[in-house]
Amino acid sequence: MRTSLWFLPRRRSVLFVGSAPRGLDVLRHGASHPGRPRKWVRGLASARPRSRSGRCYRRGGLAERSGPAADPGQGPGQGSRMLNVPSQSFPAPSSQQRVSAGGRSKVPLKQGRSLMDWIRLTKSGKDLTGLKGRLIEVTEEELKKHNKKHDCWICIRGFVYNVTPYMEYHPGGEDELMRAAGSDGTDLFDQVHRWVNYESMLKECLVGRMAVKPAVPKGNRCFVFLCEGMLPKSQVTDTLAKEGRSSPSYDWFQTDSLVTIVIYTKQKDINLDSVIVDHQDDSFRAETLIKDYSYIIHIELSHEIEEDFSVRVVENVGKIEIVLKKKENTSWKRLGHPLENHNSFIPKKDTGLYYRKCQLISKEDVTHDTKLFCLMLPPSTHFQVPVGQHVYLKLTITGTEIVKPYTPVSDSLLSEFKEPVLLNNKYIYFLIKIYPTGLFTPELDQLQIGDFVSISNPEGNFKISQFQELEDLFLLAAGTGFTPMVKVLNYALTNIPSLRKVKLMFFNKTEDDIIWRSQLEKLAFKDKRFDVEFVLSAPTSEWNGKRGHISPALLSEFLKKSSDKSEVLICICGPTPFTEQGIR
């Protein structure tokens with residue numbers, strides 16, 4: 001028997017400081033041999049120290065929820081072992097996962113120290129650097145002198161910032177900033193919030209450049225353009241060599257009307273979700289996701305092409321073909337000129353997030369405070385978000401770029417069960433709760449049809465191979481924690497032949513808060529493998545369903561397998577206290 005648990009933390013607004021969404025953390029339980037259970041934890045990216053119970057991986061970020069805490073399904077702590085979770089608490093009390101979920105972003109700020117207050121301060125004209133507008137070159141010796149709370153300079157990617165005035169505005173607390181005081185904080189920054197536009201947030205704190213540029217994160221390299229696309233052997237990192245990875249390559253050929261770019265990944269687990277293609281003006285960028293690495297082709301094309309192109313993947317050999325249409329039937333002497341990170345094969349965590357502008361097509365009410373947003377991808381884009389992954393939406397608010405993570409959904413729970421599924425869908429949907437006192441969501445809600453929102457590349461490390469031979473799927477969701485479950489539910493019912501049962505327990509405060517209630521009920525009627533139970537923490541007297549918060553009593557009845565030997569996957573998403581209680 002195999003039992004798995006997905007932990008999908010609540011999504012939060014990404015600001016400059018704090019902790020980010022962790023994507024999917026997977027807690028598995030198996031048996032290496034009778035009587036000796038094997039337990040381990042697997043999450044997103046960079047490795048953490050081993051413990052006796054296994055491995056823990058995590059990619060950090062920065063986050064702060066914009067609005068009052070919604071608390072559906074959260075109950076008092078109870079020490080249940082029904083999920084056979086290891087006896088020690090998960091995440092461990094000292095782990096970065098626990099700090100991220102409930103610590104770093106929870107530091108209380110003084111009155112008048114919100115993000116909007118910081119933005120107002122940066123616009124006030126006050127000298128925040130102490131240099132009266134001068135920019136200087138900073139030596140390593142000089143940087144080291146500024147390592148105190150009342151005098152704190154930090155270097156990020158060769159630029160030095162005086163973050164002293166930002167100390168009281170930092171949602172993660174002063175101690176987090178002090179970890180990089182007087183030093184190069186690039187690696188620390190990348191571990192926690194690499195996707196944030198710190199240049200915009202701290203532009204008024206810029207002291208100047210480092211006189212001697214600090215070391216950049218390993219793997220972030222640019223390569224010389226080669227027509228055949230082979231990676232120079234001198235540029236292949238020792239890390240890749242040690243891991244035995246075979247570097248991808250590319251080539252191109254042409255006819256009178258077409259140009260075909262062929263990427264040889266040398267991997268067999270490549271599909272259309274693994275390829276992201278953007279053509280903006282003369283810039284052509286193709287990123288292929290190969291496990292934890294990205295292979296990037298980024299060039300300025302030598303001639304103009306039409307907006308539409310096709311992407312084809314030959315999965316059994318790992319070959320990708322991108323077919324471009326020439327605007328003029330002329331012979332190209334070269335494909336183009338190299339741009340940033342062209343022909344590079346680097347760790348995905350070092351690539352940075354790439355954004356494209358998407359147009360708002362529609363928005364409609366789903367509940368009293370949740371809306372379904374439909375955004376259209378640019379015409380020259382191939383972009384599909386894999387199951388279990390999220391993206392970042394970016395808006396400029398009062399001159400500052402603010403980013404927040406969201407999990408895309410389908411336009412309807414029922415429409416996704418039609419075959420064939422459109423592979424080149426140009427629309428992307430989001431179920432988003434509007435917080436009236438928040439910073440990001442009110443601004444998003446005020447957008448007019450035709451306005452634009454920037455959407456990042458997908459983040460996350462979950463693989464659909466986790467569904468192989470799955471028989472029982474249990475989903476636990478609270479509030480908008482339901483959104484990551486949509487694609488999981490769609491995929492499971494459509495693509496897993498071995499699936500016997502899918503059960504969703506959906507926690508909310510009131511009946512009016514239930515997202516897509518009628519669709520869930522219709523789906524349960526249509527597909528006998530699916531059951532849904534609604535649990536309300538503040539129901540009216542007319543409510544005949546289940547009441548309360550997440551608890552062992554509710555879960556003991558809910559988590560009944562179809563057979564003793566069933567392969568089981570358990571997914572949970574909601575506010576941090578809800579997920580922690582569910583795991584306990």
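Is Cys 152 buried or exposed? Cys 152 is buried, with a relative accessible area of 0%, where buried means under 20% relative accessible area, exposed over 50% and partly exposed in between (1.4 Å probe, protein chains only). Welcome to a short tour of this predicted model, in which local features need pLDDT of at least 70, side-chain atom pairs count only at pLDDT 80 or more, and totals for chains, interfaces and linings use all residues. Residues are numbered from 1 along each chain as its sequence is written, and side-chain values use heavy atoms, with hydrogens and water left out.

**Overall picture**

- The protein has 12 helices and 30 strands; helices (H or I, at least four residues) and strands (E, at least two) are DSSP runs, numbered from the N terminus.
- Of the 584 residues in the protein, 55% are buried.
- Among contacts with a separation of 6 or more, 73% are between residues 24 or more positions apart, a contact being heavy atoms within 4.5 Å.
- The accessible surface of the protein is about 26,100 Å², and carbon and sulfur atoms contribute 50% of that; such areas come from the Shrake-Rupley method with a 1.4 Å probe, and for residues only the protein chains shown count as cover.

**Cysteines**

- Cys 205, like Cys 152 above, has a relative accessible area of 0% and is buried.
- Zero disulfides turn up in a search of the whole structure; a disulfide is a pair of cysteine sulfur atoms within 2.5 Å.

**Strand β20: Thr 370 and Lys 371**

- Thr 370 sits in strand β20, which covers residues 370–376, and Lys 371 lies in strand β20 too.
- Thr 370 counts as buried because its relative accessibility is 3%.
- Lys 371 has a relative accessible area of 19%, so Lys 371 is buried as well.
- The side chains of Thr 370 and Asp 369 make a polar contact at 3.2 Å. A polar contact is a pair of N or O atoms within 3.5 Å; within protein, one must be able to donate a hydrogen and the other to accept it, and residues adjacent in sequence count only if both atoms are side-chain atoms.
- For Lys 371, the side-chain partner is Asp 445, joined by a polar contact of 2.8 Å.
- Leaving aside residues up to four places away in sequence, Thr 370 touches residues including Leu 431, Thr 480 and Ile 515.
- With that exclusion, Lys 371 touches Val 366, Phe 430 and Asp 445, among others.

**Aromatic rings**

- There are 10 aromatic pairs in the structure. Rings of Phe, Tyr and Trp (its six-membered ring) pair if their centres lie within 6.5 Å, and planes under 30 degrees apart count as stacked, over 60 as edge-to-face and the rest as tilted.
- Phe 474 and Phe 558 form an edge-to-face pair, because their ring planes meet at 65 degrees, with centres 5.7 Å apart.
- This pair links distant parts of the chain, 84 residues apart: Phe 474 is in strand β26 (residues 472–478) and Phe 558 in helix α11 (residues 552–558).
- Both Phe 474 and Phe 558 are buried.
- The rings of Phe 507 and Phe 578 also stand at 65 degrees, with centres 5.3 Å apart, so this pair is edge-to-face.
- Phe 507 belongs to strand β27 (residues 501–508) and Phe 578 to helix α12 (residues 576–583), so the pair ties together parts 71 residues apart in sequence.
- Phe 507 and Phe 578 are both buried.
- One aromatic cluster is formed by Phe 482, Phe 506, Trp 516 and Phe 534.

**Charges over rings**

- Arg 517 lies over the face of Phe 534, 5.6 Å from the ring centre; a charge sits over a ring if NZ of Lys or CZ of Arg is within 6 Å of the ring centre and within 35 degrees of the ring normal.
- Lys 528 lies over the face of Phe 525, at 4.8 Å from the ring centre.
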